[in-house]
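Biologist: Could you bring the model up, so that we can go through it together?
Modeller: Here it is.
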Amino acid sequence: MRSTEDSYLHKGLRKQLVDTIRQKGITDEKVLNAINTIPRHFFLDSAFAKTAYEDRAFPIGEGQTISQPYTVAYQTQLLEVRPFEKVLEIGTGSAYQASVLAELGVALYTIERQKPLFDANKNFAYLKKYHNIKFFYGDGYEGLPTYAPFDKVIITAAAPDVPQKLIDQLKTGGMMVIPVGTGDVQRMMRITKQENGSLKEQVFDNFSFVPMIEGKR
Ligand code: SAH
């Protein structure tokens with residue numbers, strides 16, 4: 001069961017969470033504002049309603065997790081989105097990261113490979129406020145060729161390598177933010193498709209994501 005009530009207690013806890021991730025180094029006020037706006041406890045089972053504003057990942061079923069708020073803020077900040085940009089997200093999961101991007105005014109296309117998680121978002125009332133999110137059930141490795149090219153691509157699962165098909169679906173000048181690695185920790189990378197077609201790679205901090213897996217389930 002999801003919580004559907006946003007109390008003053010929750011709002012207060014959310015402000016503290018924003019302070020915490022600000023202290024950890026997030027500086028983009030638009031991103032912090034989105035975190036402050038979105039009731040994260042709506043995205044978790046009501047059993048987690050009190051702890052939803054701790055800066056931690058939590059289980060969302062099917063062996064998957066809602067990412068830690070700091071991680072969501074970090075990836076979003078690196079993506080440098082502007083309103084109306086076309087953004088592709090791989091790994092919808094709880095749709096929390098999707099909601100943060102939607103708050104920033106992008107046109108979001110998000111893909112989830114696990115049917116139960118995809119289906120859960122169909123009945124999730126809070127998401128109805130975001131007319132700028134399109135949900136897809138499929139394999140993120142394939143991307144969405146019909147909707148490409150995208151200004152930005154964000155991968156929210158650990159990829160062993162940078163998927164070429166997703167690079168192909170990026171506009172010139174576009175950027176991808178992706179945690180790359182096969183072990184327990186991955187390196188956050190930002191890849192920019194430059195005018196001459198070459199890729200600029202920047203490496204950031206280490207994070208720990210669930211793996212990006214091929215095929216649907
Ligand atoms: N962005 C999510 C994070 C969920 S964890 C959130 O805010 O809650 C990563 C998600 O990626 C999981 O739901 C997992 O099922 C999904 N995933 C893993 N490999 C995938 C793939 N190839 N295509 C689409 N989704 C994938």
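Biologist: Which pocket does the ligand sit in?
Modeller: The ligand sits in the largest pocket. Sitting in a pocket means that more than half of the molecule's atoms lie within 2 Å of its grid points. Before going on, please note that this is a predicted model, in which local features need pLDDT of at least 70 and side-chain atom pairs count only at pLDDT 80 or more, while totals for chains, interfaces and linings use all residues. Residues are numbered from 1 along each chain as its sequence is written, and side-chain values use heavy atoms, with hydrogens and water left out.

Biologist: How many residues surround the ligand, and which are the closest?
Modeller: The ligand is surrounded by 27 residues, and the closest are Gly91, Ser94, Glu112, Gly140 and Ile213; a residue is near a molecule if one of its heavy atoms lies within 4 Å of it. By type, the shell around the ligand divides into 11 nonpolar, 12 polar and 4 charged residues.

Biologist: What is 2.6 Å from an oxygen atom of the ligand?
Modeller: That is an N or O atom in the side chain of Ser94. A nitrogen atom of the ligand is 2.9 Å from a polar backbone atom of Gly91, and a polar side-chain atom of Thr156 lies 3.1 Å from a nitrogen atom of the ligand.

Biologist: And how much of the ligand does the protein bury?
Modeller: Taken alone, the ligand exposes 580 Å², and the protein buries 99% of that, with accessible areas taken from the Shrake-Rupley method with a 1.4 Å probe.

Biologist: Which elements give two or more residues to that shell?
Modeller: They are strand 2 (64–66), strand 3 (86–90), helix 4 (96–103) and strand 4 (107–112), and the largest share, 3 residues, comes from strand 2. Helices here are DSSP runs of H or I with at least four residues and strands are runs of E with at least two, numbered from the N terminus.

Biologist: Staying with helix 4, why is it largely enclosed?
Modeller: Helix 4 is largely enclosed by the rest of the structure because 7 of its 8 residues are buried, where buried means under 20% relative accessible area, exposed over 50%, and partly exposed in between (1.4 Å probe, protein chains only). The buried residues of helix 4 are Tyr96, Gln97, Ala98, Ser99, Val100, Leu101 and Ala102. Helix 4 is followed by Gly105, whose phi is positive, near 85°.

Biologist: How many residues of helix 3 are buried?
Modeller: In helix 3 (residues 69–79), 10 of the 11 residues are buried, so this helix too is largely enclosed by the rest of the structure. Among the buried residues of helix 3 are Pro69, Tyr70 and Val72, and the helix is followed by Glu80, whose phi is positive, near 45°.

Biologist: Which residues have a positive phi of about 75° although they are not glycines?
Modeller: Phe84 has such a phi, and Ala95 does as well. Phe84 is found in the loop between helix 3 and strand 3, whereas Ala95 lies in the loop between strand 3 and helix 4.

Biologist: Are those two buried or exposed?
Modeller: Phe84 is exposed, with a relative accessible area of 74%, while Ala95 counts as buried at 0%.

Biologist: Changing topic, which peptide bond is cis?
Modeller: The bond from Ala148 to Pro149 is cis, with omega near 5°, and Pro149 is in the loop between strand 5 (133–137) and strand 6 (150–155).

Note on methods:
A polar contact is a pair of N or O atoms within 3.5 Å; within protein, one must be able to donate a hydrogen and the other to accept it, and residues adjacent in sequence count only if both atoms are side-chain atoms. On a 1 Å grid over the protein atoms alone, a cavity is a set of points where a 1.4 Å probe fits but cannot get out, and a pocket is an open set with protein on both sides within 12 Å along at least five of seven lines; lining residues have an atom within 4 Å of a point. Ala, Val, Leu, Ile, Met, Phe, Trp, Tyr, Cys and Pro count as nonpolar, Asp, Glu, Lys and Arg as charged, and the others, Gly among them, as polar.
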